Amino acid sequence: MRDWWPRGKKWLKLESVETIALEQLKGSTISRETKEGMNDTLETKGNWLPDDLLFKIFLLLPAETLCKLRCVCKSLLKMINSPTFIEDHFRQSETVLITENSFHEENMRSPFPLLSDKNECYFHFWDIHSGKGHKVCMPDNLRNIKCILAACNGLVLAKIRKKGGLVITNPSTRNHIRVPLGTIGFMQECYAFMFSHFTGAYKVVHLFRDNSRHIRCEILNLTTRSWHAVDGPNSGKFGLITTHRSVSAVGALYWLPQNEGCNHIVSLGFHDEKFLTVPLPISSTKNDRLVEIGGCLSFITHATLNLIQVWILKSGNWLKRYSINRLYDITGFVPLCASTKEIFFQREGGHPLLHIYKFEAEEMQEVNFEGTKRVGDVYMPHVKSLVSWDSPQLQ
């Protein structure tokens, strides 16, 4: 594709679309008449490329830039907010890593002596291929976040300090809603997002072990923002609640309930809200995990000292898809997430932090991360998308 495109007798660069948008966002010092004139000009300039070509170009832009472009004119707002665009952009969105402590405040010292210092709120991300960290500034009314509980498709569930409830936010769009806490007062508990691939809707699931050692479950309806209780899983087959994070795939939520020696997984259906057990192809070992690959549930297991197997669940049956053979001990490689082309591992207690295995080339790549790793940090995959909890995607 050429870098320059004709408009009448002139040639305009593709980057000018984003430049026009940023000029429009300069904002408050521009008069109303000037803004109206800019809007008219932008509407005209928006026609120099066909809509379908603009659609394809905008799919290549990061979510943060697209949020700014929505302010340019009504036609761009309509296109970027359309379910079709959100779905297509999500399919090629960048995957990054976050931790429970990814939200933090920093003191931004002003260069001017008369102005006071200001605390800015940030989400901290790490690029999954380069290991470089970057930040996204968040609204001031989110500065009291305590920790991140779960992430799914670009949405983040976080807990507010001092019994302030929960917040669901998309750090890329900065949209957020406050929701109430579930049942409180128990040490063993976990929260998770549940996603329906058929309707594009989301639910929040809360598991906790009560004083009688039974596991209870309650589900948050994001439409009514209220909790309702459902029958929990078999407590004897679940082990510690906090040991493994859940995975949302194929219209259900899945857990690997025990650290090792487990011969089944536990699922919770999105629509019937019932718990089921699904047999595993082989018993799990210490660092085995469930991940989502291409919309399917995958079980990644350390079969031997030098062999990792990747199993895919399809139509109720497990199929062995990949085998990863190395000449060294890989039992300490903990699966984080995967795509149809590569799988990402966090190595136990060592550096570099991340290892990427490419299926086609059958090679393992090491990635060093910026900054100091905090003891006990567990990284979660996060998609930088335009997804929202109240605008179901097309499937």
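Reply: Buried means under 20% relative accessible area, exposed means over 50%, and partly exposed lies in between (1.4 Å probe, protein chains only). This is a predicted model, in which local features need pLDDT of at least 70, side-chain atom pairs count only at pLDDT 80 or more, and totals for chains, interfaces and linings use all residues. Residues are numbered from 1 along each chain as its sequence is written, and side-chain values use heavy atoms, with hydrogens and water left out.

Me: Is Lys-159 buried or exposed?
Reply: Lys-159 has 19% relative accessibility. Buried means under 20%. Therefore Lys-159 counts as buried.

Me: Which residue does Lys-159 meet in a salt bridge?
Reply: A salt bridge is a side-chain nitrogen of Lys or Arg within 4 Å of a carboxyl oxygen of Asp or Glu. Here the N to O distance is 3.6 Å. The partner of Lys-159 is Glu-189.

Me: How far apart in the chain are Glu-189 and Lys-159?
Reply: Strands are DSSP runs of E, at least two residues; helices are runs of H or I, at least four; both are numbered from the N terminus. Lys-159 lies in strand β8 (residues 155-160), and Glu-189 in strand β11 (residues 189-195). The pair links distant parts of the chain, 30 residues apart.

Me: How many salt bridges are there by this rule?
Reply: Glu-64 and Lys-384 form one of them, at 3.0 Å from N to O. That pair also links distant parts of the chain, 320 residues apart. By the rule, the count comes to six.

Me: Why are Arg-91 and Glu-87 separated by about one helical turn?
Reply: These two form a salt bridge, with the closest N and O atoms 2.6 Å apart. Both sit in helix α6 (residues 83-91). They are about one helical turn apart because their spacing is four residues.

Me: What do the buried residues of α6 pack against?
Reply: The buried residues of α6 are Phe-85, Ile-86, Glu-87, His-89 and Phe-90. They pack against α3 (51-58), α4, α5 (74-80) and β27.

Me: Which residues is Thr-301 in contact with?
Reply: Thr-301 is found in strand β20 (residues 296-304). Contact means heavy atoms within 4.5 Å. Leaving aside neighbours within four places in sequence, Thr-301 is in contact with Ile-282, Ser-283, Thr-285, Asp-288, Leu-307, Ile-308, Gln-309 and Trp-311.
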